Amino acid sequence: MDRRLSEMADEGTAGIEDRSSVVPRENKTSEGVLVDKYNAVPSVALANEALRLPITEAAPIYEQLLSVFPTAGKKQYVEAYMAVNNDDVTKQIFSRCLLNCQLISLWRCYIRFIRKVNEKKGTEGLEETKKAFEFMPNYVGSDISSGPVWMEYIAFLKSMPAMTAQEESQRMTAVRKIYQKAIVTPTHHVEQLWKDYENFENSVSRALAKGLLSEYQPKYNSARAVYRERKKYIDEIDWNMLAIPPTGSYKVFLVSRH
């Protein structure tokens with residue numbers, strides 16, 4: 001999949017130019033970025049402005065913002081190209097951003113894109129989408145907010161066609177495998193995933209379910225305990241703040257504490 005992302009970069013490079021140094025100088029907020037590039041207020045204003053512009057005009061703004069805040073605005077940028085069905089440039093942006101940005105919303109956006117471009121390709125398209133789902137947990141599967149990622153992955157596996165008893169058995173085995181990974185991961189949705197897993201196993205075989213649930217109950221309990229402890233710290237983080245380099249000043253330290 002890493003190789004595939006590199007191929008996506010090659011395919012999409014022709015559709016986008018390097019705009020990292022381009023700033024609409026007539027815009028006052030753009031001037032703000034030039035004067036103090038880590039000033040979040042004009043940067044947020046620029047991002048909001050980009051939402052109202054055609055993508056050809058918005059792209060230089062996104063490129064400028066990404067050059068200063070490399071972990072912010074990527075989802076908004078790529079969705080702008082997805083909205084106009086420019087698959088080549090969408091692939092190129094994903095190839096640049098995806099592997100170095102463990103952002104749940106960006107990765108779910110990537111899955112949505114992969115599903116769209118493969119939806120009419122039959123079995124081959126399903127396999128490509130499955131590879132993307134298999135790839136994703138390696139990067140964001142342990143995130144405390146990754147519950148919806150696991151749920152979407154499981155729902156996709158359940159929707160896979162099974163024409164024979166053997167294929168049905170393979171599908172159930174694949175679903176079970178992902179459930180068992182999800183329920184031992186400390187996420188906001190770990191309790192819901194456990195309930196879903198219980199229902200899944202009981203729907204397949206009550207006899208088999210008893211042994212499997214007994215085996216995984218302690219592992220789930222441990223994950224839930226870790227989640228509750230981790231949540232105390234996670235709740236203190238403002239995820240909407242832009243990341244800026246530390247200045248070492250006491251004032252910045254005080255701001256970071258509130």
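I count a contact wherever heavy atoms lie within 4.5 Å, and I take helices as DSSP runs of H or I with at least four residues, numbered from the N terminus.

The model is predicted, so I note that local features need pLDDT of at least 70 and side-chain atom pairs pLDDT 80 or more, while totals for chains, interfaces and linings use all residues. Residues are numbered from 1 along each chain as its sequence is written, and side-chain values use heavy atoms, with hydrogens and water left out.

Entry one, helix 7 against helix 10. I looked up which residues meet here, and found I104, R108, I111 and R115 of helix 7 in contact with P148, V149, E152 and F156 of helix 10. By class, this contact has five nonpolar, no polar and three charged residues, where Ala, Val, Leu, Ile, Met, Phe, Trp, Tyr, Cys and Pro count as nonpolar, Asp, Glu, Lys and Arg as charged, and the others, Gly among them, as polar.

Entry two, helix 7 against helix 8. I read the axes of helix 7 (residues 104-118) and helix 8 (residues 122-135) as coming within 9 Å and crossing at roughly 170°, with axes being lines fitted to C-alpha atoms over the stretch in contact and angles running from 0 to 180 degrees between N-to-C directions. That makes helix 7 roughly antiparallel to helix 8 (angles over 145 degrees). On the helix 7 side I list W107, Y110, I111, I114, R115 and N118, and on the helix 8 side G122, G125, E128, T129, A132, F133 and F135. I note seven nonpolar, four polar and two charged residues in this contact.

Terms used:
Parallel < 35°, antiparallel > 145°, perpendicular 65-115°, else oblique.
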